Amino acid sequence: MSLMGQMMHMPLLISSLLTHAARHNGDVEIVSKRVEGDMHRTTWSEVELRSRKLAQALARLGLKAGERVGTLAWNGYRHLEIYYGVSGSELICHTVNPRLFPQQVAWIINDAEDKVLFVDLNILPLIEKLIPSLPTVKAVVVMVARSHMPAETAIPNLLCYEELIEAEDGHYTWPQFDENTAASICYTSGTTGNPKGAVYSNRSTVLHAYAAALPDAMSVSTVDTVLPVVPMFHVNAWGLPYSGALIGCKLVLPGHHLDGASLYDLFEKEKVTFSAGVPTIWLGLINHVKQNNLKFSTFKRTVVGGAACPPAMIRTLEDEFGVQVIHAWGMTEMSPLGTLGRLKSKHADLPVEAQHRLLEKQGKVIYGVDMRIVDAEGQVLPWDGKTSGDLEVRGHWVISSYFKVDKSPLHDGWFPTGDVATIDADGYMQVTDRSKDVIKSGGEWISSIDLENVAMGHPAVHEAAAIAAFHPKWDERPLLVVVKKPGAEVTREEILAFYDGKIPKWQLPDDVVFTDEIPHTATGKIYKLKLREQFKDHNLPTV
Ligand code: AMP
């Protein structure tokens, strides 16, 4: 008979992250730019106390274990308190992306059957419009003090956040329960079909928080000042509110001020060392810093993910600003972290160019996640860095089923990501495309990401997107859509010539069109579906 381990069993609960932060790094600051317009400063210990009061308030509102509490809020300390007050008291925190279409917001809230909504003041008008179509919502809490509450409202039961907190005494002990209990829900962006809910458990969230902080992952520690630009409604700000508590670092929460000037100001004033966000956010910040001849004095590292980070952006951040870029890949269904671009010790002596090539890939998996690539028949493909196939994953923080969906999304015990990728012999994964965005030219596949990455390296290009355009002979051929940098001039021919020697000739876009703006999804990715729609009647000159 096997001998069982004789170690304590303590459930991996989200509340334990916060109690640790309060006990061991209680005086470390949480700084927030508020919707009210001012800066607010608090500490981990204060956040912990107020989260307990919030848990009491939620119980007083009659919420029962397992019920869903929705948030429509930017990154700020109250949102952080809700994360912990809700999940810590056996309720489920459902972060809703307020940038989605209103009908989608309503659909998601109804699907999750949210009982209470916590809403930032400047998002309230959206909920006022939607409230008649939200039958499960019993109360809406505005995340402000009484003095900022609206004088009039169409919402029947409108409550004030600070009043809820003030009414409680904080004599509350975080309950202990099964670590597999659900903690939070995030919906996939649902650019095709209805969004689907990924339900994270306390256990998966704590394990993800551990792994995300590791030196080979985000590499954050208590000496860092962390500013998550990635919103708390985009896969829980990639776990930073949890990893932040685990390491007890200072957090700087930017609210809804995500333009280059506001971010730069916050980075400098609060001495931010580490950040994380999607590529489009960095475009704005880089432009601002360049145009005003500025420098970062403390900012050292950033995780860029959620969409492919163009190599030109990595070079700019590293060479011109001294900010190390950690390219990361993941998805809502993975909490989100899967892989990160970090070198191995054997790469230390490689020429810098070769190191760059490796770091531009989406990277290696962290322990806790495994991956493989398979062909259309489900046969496992080799790790040679050339063969591309459908990327599948499994692990401690990978979903096994979607909320309220009976049909299993798994294939042979693995989760099919919908991404197409190569993996090299050292385990470096590179995403070539979302499978539905691949450009299928006469049976051969062209990676839209490759085409975009080259274009983004052109000095006159602000943003570029490659999409499939109809071609009678090849079915699809690449069309490049370009937004020029302000004041820059460049022609179609110059852009096409820029591809010389950088990609195989047959992959060259058949046409380049210039536009003022490329549409983005609510999480800041290029909205390929809409772009294809927009250019569906485009006549390629090669036809
Ligand atoms: P979401 O669930 O909205 O975060 O979207 C996940 C999807 O974003 C992935 O399946 C990828 O298609 C894409 N994605 C995320 N990170 C990257 C990356 N670093 N490079 C390329 N695609 C990415």
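This is a predicted model: local features need pLDDT of at least 70, side-chain atom pairs count only at pLDDT 80 or more; totals for chains, interfaces and linings use all residues.
Let's start with helix H12 and helix H13, whose axes lie 10 Å apart and meet at an angle of about 120°. Angles of 65 to 115 degrees count as roughly perpendicular and those over 145 as roughly antiparallel, and H12 and H13 are therefore oblique to each other. Their crossing has a right-handed sense. On the H12 side, the contact is made by Pro311, Ile314 and Arg315, and these meet His356, Leu359 and Glu360 of H13. Sorted by class, this contact holds 3 nonpolar, 1 polar and 2 charged residues.

**The sheet**

Now to the strands. Four of them, in the order E17-E18-E19-E20, form an open sheet with antiparallel pairing. E17 and E20 stand at the edges with a single partner strand each, so one side of either strand has no neighbour in the sheet. On average, neighbouring strands here are turned by 50° against each other, direction ignored.

Inside this order, E18 and E19 run antiparallel and are joined by 4 bridges. Across from Glu392 stands Pro416 in E19. As background, strands of a sheet pair through backbone hydrogen bonds, either parallel or antiparallel.

| E17 | 369-374 |
| E20 | 429-434 |

Notes
Residues are numbered from 1 along each chain as its sequence is written. Side-chain values use heavy atoms; hydrogens and water are left out. Axes are lines fitted to C-alpha atoms, for helices over the stretch in contact, and angles run from 0 to 180 degrees between N-to-C directions. Helices (H or I, at least four residues) and strands (E, at least two) are DSSP runs, numbered from the N terminus. Angles under 35 degrees count as roughly parallel, over 145 as roughly antiparallel, 65 to 115 as roughly perpendicular and the rest as oblique. A crossing is left-handed if the near helix is turned anticlockwise from the far one by less than a right angle, and right-handed if clockwise. Contact means heavy atoms within 4.5 Å. Ala, Val, Leu, Ile, Met, Phe, Trp, Tyr, Cys and Pro count as nonpolar, Asp, Glu, Lys and Arg as charged, and the others, Gly among them, as polar. Two strands pair if DSSP finds at least two bridges between them.
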